Amino acid sequence: MTSILSNYTSERVIKFEEFTLGNGLHCIMHKDNSNPIVSVTVGYKVGSKDERKGLHGIAHLFEHMMFQGSKNIKKNEHFGHILRSGGSCNAFTMQDATVYFETLPSNGLETALWLESDRMNSLNITEENLENQKSVVLEEKKQVFDNAPYGNMFNDVFRNLFPGSGYEHSVIGTVQDITSFSVEGAMNFHRNFYSPSNSVLVITGDINYGITENLVRKYFDGLRTNYEISRRPNVIAPVENSIVEDHYDNIQLPAINICYQVPAAGSHEEYALDYFSEIMANSESSRLYKKFVYEEKLVRSLGIMNYPLANSGALMIKAYVNPGIDVTLVREKLMNEVKLFADEGCSEREFEKVRNSLEFSSMAKHLKVQNIAIETVFNHLNFENAMRINEDSERYLSVKKNEISEVVKKHVVDANSVVINYLPANATLKTNEAENR
Amino acid sequence: MKELIINNIEDKLDRSVPPIPGKPKDINFPKFFETVTSNGITVLVIEDRKLPLVTARFVFKQGAYWDSRFGINKAGLGSITAEMLTKGTSERTATMIADQTDFLGATLSTGADYDASYVSCYSLTKHFDEIFSLAADVIRNPMFAADELQRVREQRLNSLLSMIDDGDYLASRSYRQAVYKNNPFSFSVEGNSESVASIDVGDLKKFYEFAFSPENLIVAFVGDISPEEAVSRLESEFAGWQTLSQKMEFPATPEMNSSGVILTRKNGAVQSSLRIGHISIHRNDPDFIKVSLMNTILGGYFTSRINKNLREVHGFTYSARSALNSHRFGGDISVLTEVKTDITSATIREILKEINILRDTQPEDEELQNVKNFVSGNFPLQLETPNSIATKAINLKLYGLNNDYYNTYIKTVNELTKEDIKKAAETYLHPDKLVFSIAGDVDSIVNDVSEFGKPEIIEPN
């Protein structure tokens, strides 16, 4: 077998220029003039983990409010300006951060900076707009979670995996909390967290460094800063016992999610667990796919998600069980496979496969300037190191084959697992139907 | 709440006036090499040396639209035929194909939509020869083994079983049946439980022989490869391949449906999933660009009228949009949204209102200019990856468009007038022909929605 790894090189280094304004705003630029588009991304170091009791969901609702107008920009005009320049924009809220991004033809760079600086500086929250977006968010909650099959599974996992911490409650929040947010509470949230010193601005694509820095200074230099951000500590308690939780839902096929609390983003373990995830699942050549989907036909599909967080991590093994198959049996068999991996590790070929796939995927995903921008936002917010985007390959290559099973043995343990079962509300009926088919 | 510390810097910038954007850079679709091989394969090559990546996309000009030509209910046949290509060849088992692809860190995918069947491979330049040979093997030598088909069929049936939990899927499935009636478009690409169960190895072989031939094939290479290298790779794998199939006449273009209200029950629903629309133009229609721009104004982007009304004014929904689905032999236009159960009828009234306004009055100059700017400015964003470029190049051939179509497209868009949009709405939007398909809590909405027609209730299974 020819070793593909002998050629493994980071053939392309993604370069950055960085500077920090007097008000603490950090700006990172990456120039790529091959396509006349630019991506402007602002990451704020605030997420659902920073929400106090009674305010669950405010970080996400707030993300909506950022599109509802600021001192010089009317409701919906943020979208208006970006879309009529031909661009696209959106935002997302996670446990640790809230990220806003627009990608547009590069002649619109200044427009994007004007828009982002205005809402960082002078958000305008009215009673009417807040009530409108509460309704929108309540419908979003239904569409994405409550009315979607298995929709709340992820939230059930986090509630059990991180009790007492900022990761316990869902990002979307509760109906009661969302309904009760006030304009004043929302403005306080903005004053506290939406400060230049608590954010990072990343600009990637068809730019000139000098001109771009001047534009950033023009729009962001004059912005006020809150130097004393009030933040709740996020203390993670380890999962001491195994937990099994059953949910009966309007679904046809049962699903299982076996989850483990694992080390935080950026740890050596995170990289090792990525190897584990890809060797075990997420492709047709993976171990669990071959055994559970292909050979034994126990499940319709399965996947492993390694979800790193700033203060911890979640590893989730999710499977949709075929009709007539015993859910407990599938769970036991999956856990046996994990144990087998912990005991015996992986083969040289499995190990190399992950490295090869990484080499291709990191190259392919960096074709898009928006992907580079978003990855850089996280690298800065978590590690204050934009160059990590280039170091990732080395971090993966530094994981030794035998370390993977050691990490699995230590962190992916039955005794500390959380198992969430989703079962058809009328399970007996469905099993019979399956047998009759 | 801590006291704010305000910077001493005083913000003297006048922020009230938006910056004036610079002149947009001219964008052209990349120039491409084009040839036809001696056995009839159309080849397109776009050389781009930015990164050591190459993609090859094979598109065969027959897809799920032809399923019903192979039996009364063979919906899903094209899609299952494509899926079965990677499930074993005369050279390799399904597992060997998956192992080899994944070991290279490459992708090899297959599929079908109404218009075409496709195979796509994508890898680092250094692995491209190997993944390309593998793609050629699955295209030329599929085995269609009975045990593999059995597995794919079971998986498909289980997926279909799961899909009835999804309100959107139910609304769209019922919509499709009501709008397209006896036309092949009334069937979903993925098929249904009866059709999938009935598909056998003989069906696959017939569909394969019909669709997968060199004369039906368009191949696009994009990335770190020259036209000479690409053609030589293609010739070495496909030189001896001959077209065997008989041409099959095109099935009829769908006719305009009559209006109707279809309610599909979804147990435990806390929202209504709506899909409201009717027959529209096919992809080659000369009015396509005009109707497409009209649709963008109606519901084709975030600041469209439908989204503004339903989300930003009324707070009825998280998302609302309209879609023009134009295929080679037909198409439809519809509004899609998911709303609170108790305002289902109010939502439909607002949608009807917006459709009527678009028919009755010309858009404002500013609104038309905004949507033109969006459509033309957005074009370079669609040219970032080899796969999106390959798909665009292939569509020129698949839909019989001119080679300079993308470059004249922007010009055509910018020449459209307010009168053109109103005329398009009058000609192509018919409030009296709309099918209202709603999936959700049927008992709660059945009385309310009868103002739009006598509801027909569907119990999914």
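Author: A residue is called buried if 20 or more other C-beta atoms lie within 10 Å of its own, exposed if 12 or fewer do, and partly exposed in between, with C-beta atoms placed from the backbone. The model is a predicted one, where local features need pLDDT of at least 70, side-chain atom pairs count only at pLDDT 80 or more, and totals for chains, interfaces and linings use all residues. Residues are numbered from 1 along each chain as its sequence is written, and chains are lettered from A and ligands numbered from 1 in the order in which they are written.

Reader: Thanks! Which residues of helix 10 of chain A are buried?

Author: In helix 10 (residues 287-295), the buried ones are A:L288, A:Y289, A:F292 and A:V293. Helices (H or I, at least four residues) and strands (E, at least two) are DSSP runs, numbered from the N terminus.

Reader: What makes you say that the buried residues of helix 10 of chain A line one face?

Author: Look down the axis of helix 10 of chain A: its buried residues fall within an arc of 105 degrees, so they line one face of the helix. The arc is that of the directions from the helix axis to the C-beta atoms. As a rule, an α-helix has 3.6 residues a turn, so residues three or four places apart point the same way.

Reader: And what covers the buried residues of helix 10 of chain A?

Author: The cover includes helix 9 (268-280), strand 9 (299-308), strand 10 (313-321) and helix 11 (327-344) of chain A. After helix 10 of chain A comes A:K297, with a positive phi near 50 degrees.

Reader: Why is B:K423 called partly exposed?

Author: B:K423 has 16 other C-beta atoms within 10 Å, so it is partly exposed. You will find B:K423 in helix 15 (residues 418-428) of chain B. B:K423 and B:R359 lie 64 residues apart in sequence, but 7.5 Å apart in space from C-alpha to C-alpha.

Reader: How do you know whether the radius of gyration of chain B agrees or disagrees with a compact globule?

Author: For 461 residues, a compact globule would have a radius of gyration near 23 Å; chain B has 25 Å, which agrees. The radius is taken over C-alpha atoms, and the globule rule is 2.2 Å times the number of residues to the power 0.38. Of the 461 residues of chain B, 49% count as buried. Chain B holds 16 helices and twelve strands.

Reader: What are the domains of chain B, and how do you know their bounds?

Author: Domain 1 (33-238) and domain 2 (260-458) are the domains of chain B, and such bounds come from an automatic or database domain assignment. Their centres, taken over C-alpha atoms, are separated by 29 Å. The contact takes 29 residues from domain 1 of chain B and 34 residues from domain 2 of chain B; two residues are in contact if their C-beta atoms, placed from the backbone, lie within 7 Å. Helix 5 of chain B gives the largest share of the domain 1 side, nine residues.

Reader: How many residues does each chain bring to the contact between chains A and B?

Author: Chain B brings 74 residues and chain A brings 71 residues. Helix 4 of chain B gives the most to its side, with seven residues.
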